[in-house]
Amino acid sequence: LTGITLYEPEELVLSAWAGTPLAEIEAAVAAKGQMLAFEPPCFAKLSGGDGGTLGGMIACNLAGPRRPKAGSARDHILGIEAVTGRGDLVKSGGRVVKNVTGYDLSKLLTGSFGTLAALTQITIKVLPAAETEETILVSGSDDAVAVGLMSAALNSSNEVSASAHLPVGTGAVPGPVTAFRIEGFAPSVAARGDTLRALVGGQGSVTTLDREGSQAFWASVRDVDGMAAGDTPLWRLSVTPNRAADIVAALSAAVPGTAQYDWAGGLIWFQAKSDAHGAGHAAIRSVLAAHGGGHATLVRASEELRRTVDVFEPQPAPLAALSARVKESFDPRHILNPGRMYSGV
């Protein structure tokens, strides 16, 4: 099930079979000066795979550094075709935004990890790509200061499209470094860049990456290249942004490891140093609960650890019961990825 079946650049809409490689879709839209605004990541280096597909990206509801500004994959899906566990071919949505009557199954199936239906064809909206971009780097800030800087930048009028903090940096950029991306027309980028440099300049050494350097930097952040090495447990934590530094400090005290902040602190990647004691999964989830809640997802671990630790954040009993009823309606025989997200689902 591969190939683009419809692409109308002037209408900002694209349809493709679910098995179409993301690289093929991104190349096609880039040739027309457009993009997938939610910036889907490629976790091939983390998993040892060859890259992602459109169906996989929608099934996992993935999004990259532009998530706070552009939303997730769920916010860009227009229509979907899928086969349920009952063997029924279902369709939802269409080729325009206002196309839903009744239940919006497209949104439900996005992020369901293949537990409700096997996706066959997907329609998404695309957006014009920015004329240019630049990234402002602030070096030397500790985690708490960096979280404050990211919050200030995103709440400013500078339309920051991505903000991240890398305590250990990247291969090309030594850490600690806090990064802010600005995109748009060249005169606007230049003006907003000057304003943002004045806003964050008092907190460390400031440098600027040009368009090519900026694109390479954010591709590395998006794909979590800094944590690709090794096979120790890797966690993806969705938290309240202004509490991110306190959460990482508490995590590091309980479970030795390294962290990377994205989404202005709303997303934390945490790599444990060892696989011992279940990678401290109980401690990780208790830390999140003590700091306003959040979601901890185990992205990479040994097979032994995966058999004993809930990969996804356990659901409260009422929500778990609802999830079970939804699963029963789509897949009563439990033949589609049983147990992939939650036990019994």
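**Exercises on a predicted model**

At 0% relative accessibility, Thr20 counts as buried. The model is predicted.

**Exercise 1. Place Thr20 in the chain and list its contacts beyond its sequence neighbours.**

Step 1. Thr20 sits in the loop between β2 (13-17) and α1 (22-30).
Step 2. Set aside the neighbours within four places in sequence; Thr20 is then in contact with Leu1, Thr2, Gly3, Ile4, Ile25, Thr53 and Leu54.
Step 3. Burial means under 20% relative accessible area. Thr20, at 0%, is therefore buried.

**Exercise 2. Determine how helices α6 and α9 are oriented to each other, and which residues meet.**

Step 1. Helix α6 covers residues 143-154 and helix α9 covers residues 244-254. The two pack with their axes 8 Å apart, at an angle of about 155°.
Step 2. Angles over 145 degrees count as roughly antiparallel. Helices α6 and α9 are therefore roughly antiparallel to each other.
Step 3. The crossing of α6 and α9 is right-handed.
Step 4. From α6, Asp143, Ala144 and Val147 meet Ala244, Ala245 and Val248 of α9. By class, the residues of this contact are five nonpolar, no polar and one charged.

**Exercise 3. Classify the ring pair Phe113 and Phe312, and say which parts of the chain the pair ties together.**

Step 1. The structure holds four aromatic pairs, one of them being Phe113 with Phe312.
Step 2. The ring centres of Phe113 and Phe312 are 5.0 Å apart and the planes stand at 75°. Rings pair if their centres lie within 6.5 Å, and planes over 60 degrees apart count as edge-to-face. The pair is therefore edge-to-face.
Step 3. Phe113 belongs to the loop between α5 (105-109) and β6 (117-125), and Phe312 to the loop between α11 (303-308) and α12 (317-330). The pair therefore ties together parts that are 199 residues apart in sequence.
Step 4. Phe113 has a relative accessible area of 17% and is buried. Phe312 is also buried, with a relative accessible area of 10%.

**Exercise 4. Classify the ring pair Phe312 and Tyr342, and name the cluster that the ring pairs form.**

Step 1. Phe312 and Tyr342 are 6.1 Å apart centre to centre, with 55° between the planes. This aromatic pair is tilted.
Step 2. Tyr342 lies in the segment after α12, while Phe312 is in the loop between α11 and α12. The pair links distant parts of the chain, 30 residues apart.
Step 3. Ring pairs join Phe113, Phe312 and Tyr342 into a cluster.

Key: Residues numbered from 1 in each chain as written. Predicted model: local features only at pLDDT ≥ 70, side-chain atom pairs only at ≥ 80, totals over all residues. Heavy atoms only, no water. Axes fitted to C-alpha atoms, helices over the stretch in contact; angles between N-to-C directions. Helix = DSSP H or I, 4+ residues; strand = E, 2+ residues; numbered from the N terminus. Parallel < 35°, antiparallel > 145°, perpendicular 65-115°, else oblique. Left-handed = near helix turned anticlockwise from the far one by under 90°. Contact = heavy atoms within 4.5 Å. Nonpolar A, V, L, I, M, F, W, Y, C, P; charged D, E, K, R; others polar. Phe/Tyr/Trp six-rings, centres within 6.5 Å; stacked < 30°, edge-to-face > 60°. Buried < 20%, exposed > 50% of the residue type's maximum accessible area, 1.4 Å probe, protein only.
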